[in-house]
Amino acid sequence: MQAAGLESDGRPAPLIGVMGGMFDPVHNGHIAVALAALKALALDELRLIPCHLPNHRGPASASAQERLTMLRLAAAVDDRLRVDDRECLRPGVSYTVDTLESLRAEHETAVLVLIVGADAFAGLTGWHRWQEIFGLANVLVVSRPQALDTWPAALQEEVQQRQVSSGELLCAKTQGSVLLLKDLYWDISSTQVREELRRHSGAVSLLPPEVVSYIRAHGLYAQD
Ligand code: ATP
Ligand code: MG
């Protein structure tokens with residue numbers, strides 16, 4: 001773990017959040033989590049990175065291009081939110097560790113913070129080269145309804161060694177620390193959104209209005 005410091009030109013090292021996922025489609029829960037992370041950690045920017053080819057689930061319903069476009073529409077709410085298409089451009093399975101390695105190569109001195117929901121974090125030991133993630137980024141775990149709060153022993157051990165108690169402490173190192181953010185509770189999922197769209201029962205309140213318009217204009221999620 002390296003203390004966050006200065007860049008070679010004397011500027012403070014940037015604080016960069018990284019949020020991956022299928023975003024099939026992006027919903028208000030994703031955006032609320034992203035905005036909460038920007039605020040809690042005073043991030044300079046947060047990369048929203050849609051997954052191209054997932055390892056542990058079936059392919060997305062919408063195409064990578066459609067998911068990128070919906071994310072760009074949703075991300076317009078704050079100019080620190082940036083949509084990053086590196087996983088969509090990379091062939092093969094989209095592994096988070098590869099994404100963090102490429103970001104780390106581009107931003108050697110940055111504080112990198114991987115932002116994950118508690119449901120995703122509970123399954124971390126199943127991710128490719130999962131322990132290496134802590135050598136590349138800090139991790140912010142955001143609470144989520146229905147997420148398991150019992151973790152495999154190996155994950156518990158990592159958290160015990162790495163857990164810090166504030167956003168300031170999380171960003172004091174460039175990588176390797178873990179913060180559990182427990183005060184968020186957004187009961188929205190893309191699965192629920194897709195089901196509601198298929199049943200034509202709205203979902204409007206779960207999505208940014210620009211995303212609703214895009215979905216309607218392109219007839220997405222009508223017959224999943
Ligand atoms: P799906 O139901 O298709 O799995 P999802 O809503 O879980 O969709 P993903 O794209 O799988 O969305 O999630 C991307 C990331 O955002 C994951 O780390 C996930 O835990 C997190 N996330 C998504 N929705 C929420 C939410 N409502 N609260 C907290 N974290 C969330
Ligand atoms: Mg999910």
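Ligand 1 takes up the space of the largest pocket. Keep in mind that this is a predicted model, and that goes for the ligand contacts as well as for the fold.

### Around the ligand

So who lines up around ligand 1? The shell counts 21 residues, and the ones that come nearest are His27, Asp119, Trp186, Ser190 and Thr191. Going by elements, at least two shell residues come from each of β1 (15-21), α1 (28-41), β4 (111-117), α5 (118-122) and α8 (190-198).

| Residue | Part of the residue (N or O atom) | Distance to an oxygen atom of ligand 1 |
|---|---|---|
| Phe23 | backbone | 3.0 Å |
| Gly117 | backbone | 3.0 Å |
| Arg144 | side chain | 2.9 Å |

How much of ligand 1 does the protein cover? On its own the ligand has 590 Å² of accessible area, and the protein covers 92% of that.

### The sheet

Now for the strands. There are 6 of them in an open sheet, paired in parallel, and if you walk across you meet β3-β2-β1-β4-β5-β6. Each of the two edge strands, β3 (81-83) and β6 (178-181), has a single partner strand, so one side of each has no neighbour in the sheet. On average, neighbouring strands in this sheet are turned by 25° against each other, with direction ignored.

Which strand does β5 join through 4 bridges? That would be β6: β5 (residues 138-142) runs parallel to it, and 4 bridges link the two. One pairing to look up in the structure is Val141, whose bridge partner in β6 is Leu180.

Two of these strands, β1 and β4, also turn up in the ligand story, as each gives at least two residues to the shell around ligand 1. In the sheet order, β1 and β4 stand next to each other.

Ala42 isn't a glycine, yet its phi is positive, at about 50°.

Key. Residues are numbered from 1 along each chain as its sequence is written. Chains are lettered from A and ligands numbered from 1 in the order in which they are written. This is a predicted model: local features need pLDDT of at least 70, side-chain atom pairs count only at pLDDT 80 or more; totals for chains, interfaces and linings use all residues. Side-chain values use heavy atoms; hydrogens and water are left out. Two strands pair if DSSP finds at least two bridges between them. Axes are lines fitted to C-alpha atoms, for helices over the stretch in contact, and angles run from 0 to 180 degrees between N-to-C directions. A residue is near a molecule or strand if one of its heavy atoms lies within 4 Å of it. A polar contact is a pair of N or O atoms within 3.5 Å; within protein, one must be able to donate a hydrogen and the other to accept it, and residues adjacent in sequence count only if both atoms are side-chain atoms. Accessible areas come from the Shrake-Rupley method with a 1.4 Å probe; for residues, only the protein chains shown count as cover. On a 1 Å grid over the protein atoms alone, a cavity is a set of points where a 1.4 Å probe fits but cannot get out, and a pocket is an open set with protein on both sides within 12 Å along at least five of seven lines; lining residues have an atom within 4 Å of a point. A molecule sits in a cavity or pocket if more than half of its atoms lie within 2 Å of its grid points.
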